[in-house]
Each structure stands twice: as structure tokens, then as C-alpha cells.
Amino acid sequence: MKSYLQLENGVIFEGNAFGKIEDTVGEVVFNTGMTGYQELMTDPSYYGQIVTMTYPLIGNYGINLEDDQSDSPKIKGLIVREKCDYPNNFRCELDLDGYLKYNNIMGLEGIDTRALTKVIRETGTLKGLMTHRRLPQSKLMDILNEYDNSDAVRKVGTKESYTIKGSGKHIAVIDFGIKNNILESFKNKGLKITVFPSNASADEVIGVNPNGIFLSNGPGDPKDYPDIIENVKIMIDKKPTIGICLGHQLIALALGGDTGKLAFGHRGCNHPVKDIKKDIVYITSQNHGYVVNKVPQDMEVTHISLNDKTIEGLRHITKPILTVQFHPEASPGPDDAHGVFDEFMELL
Ligand SMILES: NC(=O)CC[C@H](N)C(=O)O
């Protein structure tokens, strides 16, 4: 069915709908990965976003449920140049269209994704509506103005705490929308893990007497969570801590740094990051719209993006706290930066 992406700046793209055909509103972002569409669709950090894939053919190796990064896709919509209807891979269980239909997510194909990406690059991230009926701009704006993603973390993270058995050291994980492969990476190190919801108090977390704390990735703007930042401030003073992506941003804010919104973010599994001390470049998996733009007084920058020189990692000068903006657990993407987990093990 002919359908549209209507952007808040009045630009309209026409394509064909697939998946579940239903009006959907979101922040329109682009991802530069050639593969990894399934992992990113199920990464809770994308909650509330309509994702455009810059690679022109998506779905060619199908969907394999084992690769999901959470219990269901978290994106609002998917935009592709061409979707593949005949996936071919020995692990493939279903095709992209069937997967999106089953999970009530709308897709649009036949979109000039290169032109759309250029619009986003020039104007910055925009809100948009995927719809099969074209709306007048004033009606569109009424709908887009209602978009609010400020409580996203509480919607995607666990509501109850739970424990994962392990024979090694014990870590407390605060789940703001954690990706499965982060938990897998910790499990592979033999760690015992207690996972807490985002609203767990510092007392509850410290109460299980963990050897260390992990602050997870998650959706939205870190500044929307002042109560969490207060909690983080207390926790990280007591135990060795590592933060990834949203966790990194929350730690920076808790220690007196600042964050801001990037014009169009970093999303893909092919982003070069320099480890300053080791003088090594990693190809990393990334998915963030916000960034630390003021380093806390007692932290030093450990990693930078080679695309735009923004901060990609921090380390506390005197305390055992390290943070990265990129995703060392990959999924999707290369394992180049997996050593970050080893550094955390040393801190424990
Ligand atoms: N992957 C993440 O944790 C994303 C962090 C934050 N929501 C951002 O967009 O910057």
C-alpha cells in the first residue's frame, strides 16, 4: 500500500508500507550498519525512534530469534530502500515483513534513504509520522507535538529485580533497557548478576553487597532522569562502576559533567573510536543521540570518536569508575572493543 513518511519540516517521502500498517510517530534517525537490523530493532535504546537504514538492501539474511537483544522490537518504525522478501541463511526463521507484522511495527520500503539521510544530516534529527494517508501540515504538527519519550527508560527496563547465577564475582546491574548481549558478556565471565529496575534505590543496590556496579544502555535523554542521577551519585562513590552509553552519560552528569544532543547522532556498527592511551582504533557499535560535552572535573577522556572527535569514553582519576559511549558488547558489529569488559573485571 502506498504510504508516506511526513517530517516535521514539511518534507514528505513516498514509499510502500509493510509490516503492520498503522500510523506511527517517532524521532527519525539513521543507522549506517550494513547488517545488524534485527539487533538494532530489538535494542531498547531505540525505543520511540523510526530507524532509516542507509544500506540499500535490508532483510537478506532474515530473522533469527536467537539474535534478539530484548523480548521484542523496540523501534517505532523501519524505513528501507529495498526489503528482501526471499531471505537466505541457514539460521533464518522468518522474514522481515512477517517479523514486523507479528510485532505490530510499521515498515516503509521504496524510500530514497540516501535523500532522507541527507535531510537529517542537514537539519538534525526530526520527528516524523509514518502513515498511509497524507495529512495537512497543521494536523501533522498536532500529532507530532504530542510525541513524548521522556519516560522511556521506565518503559523498557525490568520492573522487578532478578538474579543470574554465576560462580565468580557479584555485580549489580541497573537495567535502563539493557541489551541481551551485555548480560551475555558478563555471564561469559562467570559473574553472578543481580539485575535491578531503573528506580531501585542506592540502598537496595548496595544492600546486596556487590563487588561492582554496571549502569546499562537505555533510551532517551539522560537529563530526563534527575532522580536516577542522584542515585547514581551515591552508588558510584561506594563500588567499582562501569557505564555503557546511557550509563556513561548518567555517570558524567552525576559527577558534575554535562550532556547535550548531537545533531543527528551516531548509529551503526562501523564507527571508528580511538583508545587514547593504547593508541589503537576500534571499529565500534554505536547508538546514541546524546553525548557528554563537558568532562567532570575528576575524570579524563579515554576514547574519542574519529568521525567527529566527540567523547567516547571516560575514566575517573582516583576512583574505580570507567565509562564508554560505544557498545563493547557489539551485537551488531565487531568485537574490537570487548577489552572494556576485561578492564572492568580488573576493577572488580
Ligand atoms: N544506547 C544508549 O544507551 C543510548 C543513550 C541515549 N539514549 C542516547 O541516545 O544518547
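Modeller: Gladly! Helices (H or I, at least four residues) and strands (E, at least two) are DSSP runs, numbered from the N terminus. This is a predicted model, in which local features need pLDDT of at least 70 and side-chain atom pairs count only at pLDDT 80 or more, while totals for chains, interfaces and linings use all residues. Residues are numbered from 1 along each chain as its sequence is written.

Strand β16 (residues 280-294) gives the largest share of the shell around the ligand, four residues. Among the residues surrounding the ligand are Ser45, Asn217, Cys245, Asn287 and His288.

Cys245 sits in the loop between β14 (241-244) and α9 (246-254). Cys245 counts as buried because it has 27 C-beta neighbours inside 10 Å (buried means 20 or more other C-beta atoms within 10 Å of a residue's own, with C-beta atoms placed from the backbone). Leaving out residues up to four places away in sequence, Cys245 touches Ser45, Asn217, His288, Gln325 and His327 (contact means C-beta atoms, placed from the backbone, within 7 Å).

Glu329 belongs to the loop between β19 (321-324) and α10 (339-347). With 24 other C-beta atoms within 10 Å, Glu329 is buried too. With residues up to four places away in sequence not counted, Glu329 touches Lys179, Asn181, Ile182 and Ser185.

Technical notes:
Near = placed C-beta within 6 Å. Buried ≥ 20, exposed ≤ 12 C-beta atoms within 10 Å, placed from the backbone. Contact = placed C-beta atoms within 7 Å.
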